[in-house]
Amino acid sequence: MAAKITYGDVEVGTELPTQTFPVTRATLVQYAGASGDFNPIHWNEKFAVEVGLPDVIAHGMFTMAEAIRVVTDWVGDPGAVVEYGVRFTKPVIVPNDDKGATVEVSAKVAAKLDDNTVRVDLTATSAGQKVLGMSRAVVRLA
């Protein structure tokens, strides 16, 4: 794969298409199986509440992975992401119902850097609260 977005076609302020990602308890169980992270705060409501959480919460790394999909879908190549980091600011609370939760992610080009790279700043929210802070990716464009 190669990046489908060219450096010359991007300006600071370019907005990437916003995406909304559903998160259900089933999603968390599937992620736990894939990642090996079976911490009960991600699937056991009783345990989550006992340790002071409002309910079961999504894995931080799952939330981080969903957010970067906005960038990889835009650029067309997951390998174009050369750096990515976030701060976990609030948990994604996932109720035990048919709807679950959603994570809404928007992003924009914040800086044009050297070597055909750009810095993309992401905003991820769930239930109206910012769940990732300082979410930034450096992406190599065509």
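This is a predicted model: local features need pLDDT of at least 70, side-chain atom pairs count only at pLDDT 80 or more; totals for chains, interfaces and linings use all residues.
Me: Why does Phe62 count as buried?
Reply: Its relative accessibility is 8%, and buried means under 20% relative accessible area, with over 50% called exposed and the range in between partly exposed (1.4 Å probe, protein chains only).

Me: How many aromatic pairs does the structure hold?
Reply: There is 1 aromatic pair.

Me: What makes the pair of Tyr31 and Phe62 edge-to-face?
Reply: Their ring centres are 5.4 Å apart and their planes stand at 65°. Rings of Phe, Tyr and Trp (its six-membered ring) pair if their centres lie within 6.5 Å; planes under 30 degrees apart are stacked, over 60 edge-to-face and the rest tilted. The 65° angle therefore makes this pair edge-to-face.

Me: Why can this pair be said to tie together separate parts?
Reply: Tyr31 lies in helix H1 (residues 25-35) and Phe62 in helix H3 (residues 60-75), so the pair links parts that are 31 residues apart in sequence. Helices (H or I, at least four residues) and strands (E, at least two) are DSSP runs, numbered from the N terminus.

Me: How do you know that strands S4 and S5 pair?
Reply: Strand S4 (residues 117-126) and S5 share 9 bridges in the antiparallel sense, and a pair needs at least two bridges found by DSSP. S4 and S5 form a hairpin with 2 residues between them, and Ala127 in the turn has a positive phi of about 55°.

Me: What makes S2 a partner of S5 too?
Reply: Strand S2 (residues 81-88) and strand S5 (residues 129-140) have 6 antiparallel bridges. Gly85 stands opposite Arg136 in S5.

Me: Why is Ser126 called buried?
Reply: Ser126, which lies in strand S4, has a relative accessible area of 7%, so the label buried applies. Counting contact as heavy atoms within 4.5 Å, and not counting residues up to four places away in sequence, Ser126 touches Val92, Ala101, Thr102, Glu104 and Val131.

Me: What places the charged end of Lys112 over the ring of Tyr7?
Reply: The charged end of Lys112 sits 4.2 Å from the ring centre. The rule asks for NZ of Lys or CZ of Arg within 6 Å of the ring centre and within 35 degrees of the ring normal.

Notes. Residues are numbered from 1 along each chain as its sequence is written. Side-chain values use heavy atoms; hydrogens and water are left out.
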